[in-house]
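Please look through the sequence and the structure shown below before reading on.

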Amino acid sequence: MRSASMAGAGIALAATLLAGCAPTGPADPAVPPGPARTPATPTTAAPSPQPTTAPRSPGPAATAARIMLTRSGGFAGRGDTVTVEHDGRWTVVDRTGSPRTGRLSSADLDRLRRLVVDPALAAEAGRPSAPTACQDAFSYRLTIGEVETGYVDCPADGAAPAATRAVVELLLGATG
């Protein structure tokens, strides 16, 4: 089992790798972060969505960064895998092995990048999993870099982890 700090580091690494087009200049410490910030002078690049403690420029592994979602189970025995590359290209492979491909819209890719840096996702990745009370329920396994989280879509198990569910719903909706 990975510790919460390792999960957080993995999420930060994945966010850095996903932000391949982020500016590389230092953040202005005099300007507070947030959507309402307006620079006093024009700038040529938008601020990066990643935390300021994360590296600003991706390393050579940026081309290999991926997010994978596996949906399995259900009454019919699904087995689908969604893979999203750092640039938004996606591939869905269904249980028969048939692939479909596409590209996330820029809005969906931006949202995905914001979701994977959510500290709640790192916390969910660090929690222990419990056995499910449901038969034939969908099971979701989300892998972001080295970090894994997931849940079984079973109302009897309680609410699904919110941050993980948000990423799952985005990926299934955008690639469906």
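Predicted model: local features only at pLDDT ≥ 70, side-chain atom pairs only at ≥ 80, totals over all residues.

Across the protein chain the pLDDT averages 72, with 62% of the residues scoring at least 70. Residues 1-64 have a pLDDT below 50, and this stretch has 63 contacts in the model beyond near neighbours in sequence.

The sheet is described next. It is open and consists of 6 strands, which are paired in an antiparallel manner and follow the order β4-β3-β2-β1-β5-β6. Its edges are formed by β4, which covers residues 99-103, and by β6, which covers residues 147-152, each of them pairing on one side only. From one strand to the next, the twist averages 15°.

| Residue | Bridge partner in β4 |
|---|---|
| Trp-90 | Gly-102 |
| Val-93 | Pro-99 |

The disulfide comes next. The structure holds 1 disulfide, and this link joins Cys-134 to Cys-154 with an S to S distance of 1.8 Å. The angle about the S-S bond is 70°, and the link of Cys-134 and Cys-154 is right-handed. The pair links distant parts of the chain, with Cys-134 in the loop between α3 (119-125) and β5 (138-144) and Cys-154 in the loop between β6 and α4 (162-175). Although Cys-134 and Cys-154 are 20 residues apart in sequence, their C-alpha atoms are 5.8 Å apart in space. If neighbours within four places in sequence are left aside, Cys-134 is in contact with Cys-154, Pro-155 and Ala-156.

Is Cys-154 buried or exposed? Cys-154 has a relative accessibility of 2%, and therefore counts as buried. Asp-136, which lies in the loop between α3 and β5, is exposed, with a relative accessible area of 51%. The phi of Asp-136 is near 60°, which is a positive value in a residue other than glycine.

The last element to consider is a helix. Helix α4 has 14 residues and reaches 20 Å from its first C-alpha to its last, close to the 20 Å expected at 1.5 Å a residue. The buried residues in α4 are Ala-163, Thr-164, Ala-166, Val-167, Val-168, Leu-170, Leu-171 and Thr-175. In general, an α-helix has 3.6 residues a turn, so residues three or four places apart point the same way.

Key. Residues numbered from 1 in each chain as written. Heavy atoms only, no water. Pairing = 2+ DSSP bridges. Helix = DSSP H or I, 4+ residues; strand = E, 2+ residues; numbered from the N terminus. Axes fitted to C-alpha atoms, helices over the stretch in contact; angles between N-to-C directions. Disulfide = S-S within 2.5 Å. Buried < 20%, exposed > 50% of the residue type's maximum accessible area, 1.4 Å probe, protein only. Contact = heavy atoms within 4.5 Å. Expected span 1.5 Å × (residues − 1). pLDDT = per-residue confidence, 0-100.
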